[in-house]
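Work through the exercises below with the structure open. Try each task before reading its solution.

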Amino acid sequence: MSKFKKKKGGEIPAVNTAALPDIVFMLLFFFMVATVMRQNSLKIENNLPFADQVEKLDKKDLVMYIYAGKPSENYKQMGTEAKIQLDDSFADVKDIAGFIAEQRASKREELIPFLTTALKVDSDANMGLIGDIKQELRKVNALKINYTTKKGSVIGN
Amino acid sequence: MAKRAAPEVNAGSMADIAFLLLIFFLVTTTIETDSGINRKLPPIEDQSEPPVIKQKNIFTVLLNGKDQLLVEDEIMEIKDLRQAAIDFLDNGGDGSCSFCNGKKNPDLSDNPTKAIISLKNERETTYKTYIAVQNELVAAYNVLRDARSQELYGMPFSEMEANHKDVNWPGNKVKLKEKIEKIKLDYPQKLSEVQ
């Protein structure tokens, strides 16, 4: 009788990998959705300080970014003093007025009062530079500012 | 003629393609920080004479070039600054403030609406210390506003503000705005920076 014939071979069947692409696609979509493309490539060190009383900046299109910090490794020839970066290039304090005017011109007129200037400044920069930036912003009447910080305890600074 | 089945496409390398894209996005992703401390700069105007303010209503915070902190002529650590600011603001020295819980110290402020915190820093002060001090001073205001709001409306101030920003919040926003304004009037944020 062959009814109870022994099954041939005791090998383990291969793992079915048909669902692997699905899993990978899931991850892929997550990263595609979560990614924010950087607007500016940084030429400076930008290690933001920590603070815990933070408010979120909503309305991304109404934010003007001013970066400041020491020139990074690739731009050593610019010196070791903290510098300002506007858009993609190094700038001087006096260029800020022009930058703000340019940003304002690119927005609709009724939105101009809601523009916020986000200061992304390296934690090791000194306040002299920031004082100059603030003075310049006051001159062009861009009074809403935001010190961009990471979320965390100030003791970690 | 027999119907021929369409040959199946080999999807074995689909995973590889997906991995390639995945790795590209993994590498290029930078999680941007988009939160921070909001401040308003004072407009430039030529004030002929500054208003007279009683010395006891001013809380001076000095930050020197070596990142040392001098509060009301005494050296202080950053971790003690929050409590010191709260004590100053919530003092209620002349009894005109009905909701203050302070010690009514005659050397500190009369009323939260009159109290001014004055922050002065030098050019050599580092940014991180400045942010730490700003953070602590804002925190002092937030603690007081939260307490006041809890007492009046049974809800912390920060929660009310979050609700006001939330588009999906079901309650009455006009009323909420009134409540927020009331709290802001009780504890106005008067933080002046010396240039």
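**Exercise 1: The hairpin in chain A**

In this predicted model, Tyr67(A) has Gln85(A) as its bridge partner in β4(A). Trace the pairing around β4(A) and find which way its side chains point.

Solution. 
- Step 1. Take the β3(A) side. Strand β3 (residues 63-69) of chain A runs antiparallel to β4(A), with 3 bridges between them.
- Step 2. Cross to β5(A). β4(A) and β5(A) are antiparallel and joined by 3 bridges. Here Gln85(A) is bridged to Phe90(A) of β5(A).
- Step 3. Inspect the turn. The hairpin of β4(A) and β5(A) leaves 2 residues between the strands, and Asp87(A) has a positive phi near 50°.
- Step 4. Sort the side chains of β4 (residues 83-86). Lys83(A) and Gln85(A) point one way; Ile84(A) and Leu86(A) point the other way. All are buried.

**Exercise 2: A sheet across two chains**

In what order do the 7 strands of the open sheet lie?

Solution. 
- Step 1. Read the order: β2(A)-β1(B)-β7(A)-β6(A)-β3(A)-β4(A)-β5(A). The pairing is mixed.
- Step 2. Go to the strand from chain B. One residue pair to look for is Ile145(A) with Arg39(B).

**Exercise 3: The contact between the chains**

How many residues does each chain bring to the contact?

Solution. 
- Step 1. Count. Chain A gives 49 residues and chain B gives 43 residues.
- Step 2. Assign elements. The largest share, 11 residues, belongs to α3(B).

**Exercise 4: The faces of α2(B)**

Check the length of α2(B). Then decide why its buried residues line one face.

Solution. 
- Step 1. Compare spans. The 12 residues of α2(B) reach 17 Å from first C-alpha to last, close to the 16 Å expected at 1.5 Å a residue.
- Step 2. List the buried residues: Leu81(B), Ala85(B), Phe88(B) and Leu89(B).
- Step 3. Look down the axis. The buried residues of α2(B) fall within an arc of 85°, so they line one face of the helix. An α-helix has 3.6 residues a turn, so residues three or four places apart point the same way.
- Step 4. Turn to the other side. Lys79(B), Asp80(B) and Gln83(B) are exposed there.
- Step 5. Find the cover. Over the buried residues of α2(B) lie elements of chain B including β2 (58-63), β3 (69-71), β4 (74-76), β5 (116-121) and α3.

**Exercise 5: The overall form of chain B**

Solution. 
- Step 1. Chain B has 5 helices and 6 strands. Their order from the N terminus is α-β-β-β-β-α-β-α-α-α-β.
- Step 2. Along the principal axes, the C-alpha atoms of chain B fill roughly 105 × 45 × 35 Å.
- Step 3. Check burial. In chain B, 26% of the 195 residues count as buried.

Definitions and conventions. Residues numbered from 1 in each chain as written. Chains lettered and ligands numbered in written order. Predicted model: local features only at pLDDT ≥ 70, side-chain atom pairs only at ≥ 80, totals over all residues. Contact = placed C-beta atoms within 7 Å. Helix = DSSP H or I, 4+ residues; strand = E, 2+ residues; numbered from the N terminus. Pairing = 2+ DSSP bridges. Expected span 1.5 Å × (residues − 1). Buried ≥ 20, exposed ≤ 12 C-beta atoms within 10 Å, placed from the backbone. Arc of directions from axis to C-beta.
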